[in-house]
Amino acid sequence: MLDSPFSDLDRPPLSQAALTRALVRPGGLWTDITVVGRTGSTNADLAQAAREGARQGTVVIAEAQSAGRG
């Protein structure tokens with residue numbers, strides 16, 4: 001289970017595999033999906049991933065973020 005402060009939510013944790021199966025398609029908008037339990041900012045994570053060579057269309061989804069804006 002992902003590290004989340006919202007363990008009392010009436011839903012299962014986000015599933016990277018399920019989201020990838022549902023959203024990543026050849027020629028589609030999204031090319032890679034990463035789910036993390038907690039991060040400071042998904043935008044900062046994506047900026048770092050881009051510096052490391054991530055493809056356009058990469059998505060980072062967090063159960064919780066502490067410094068992000070959304």
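How many helices and strands does the protein chain have? The chain has two helices and two strands, where helices (H or I, at least four residues) and strands (E, at least two) are DSSP runs numbered from the N terminus. Along the sequence, these elements follow the pattern α-β-α-β.

The structure is a predicted model, in which local features need pLDDT of at least 70, side-chain atom pairs count only at pLDDT 80 or more, and totals for chains, interfaces and linings use all residues. Residues are numbered from 1 along each chain as its sequence is written, and side-chain values use heavy atoms, with hydrogens and water left out. The mean pLDDT (the predictor's confidence in each residue, from 0 to 100) is 88 for the protein chain, and 86% of its residues reach 70 or more. Among the elements, α1 has the highest mean pLDDT (97), and strand β2 (residues 58–65) the lowest (94).

Strands β1 and β2 pair in the parallel sense over seven bridges; pairing requires that DSSP finds at least two bridges between two strands. The chain passes from β1 through helix α2 (residues 42–51) to β2 in a right-handed β-α-β crossover. Right-handed denotes that, with the strands pointing away from the viewer, the path from the first strand over the helix to the second runs clockwise. Arg38 stands opposite Ala64 in β2.

Of the 70 residues in the protein chain, 19% are buried (under 20% relative accessible area; exposed is over 50%, and partly exposed in between, with a 1.4 Å probe and protein chains only). Trp30, in the loop between α1 (16–23) and β1 (32–39), is partly exposed, with a relative accessible area of 35%.
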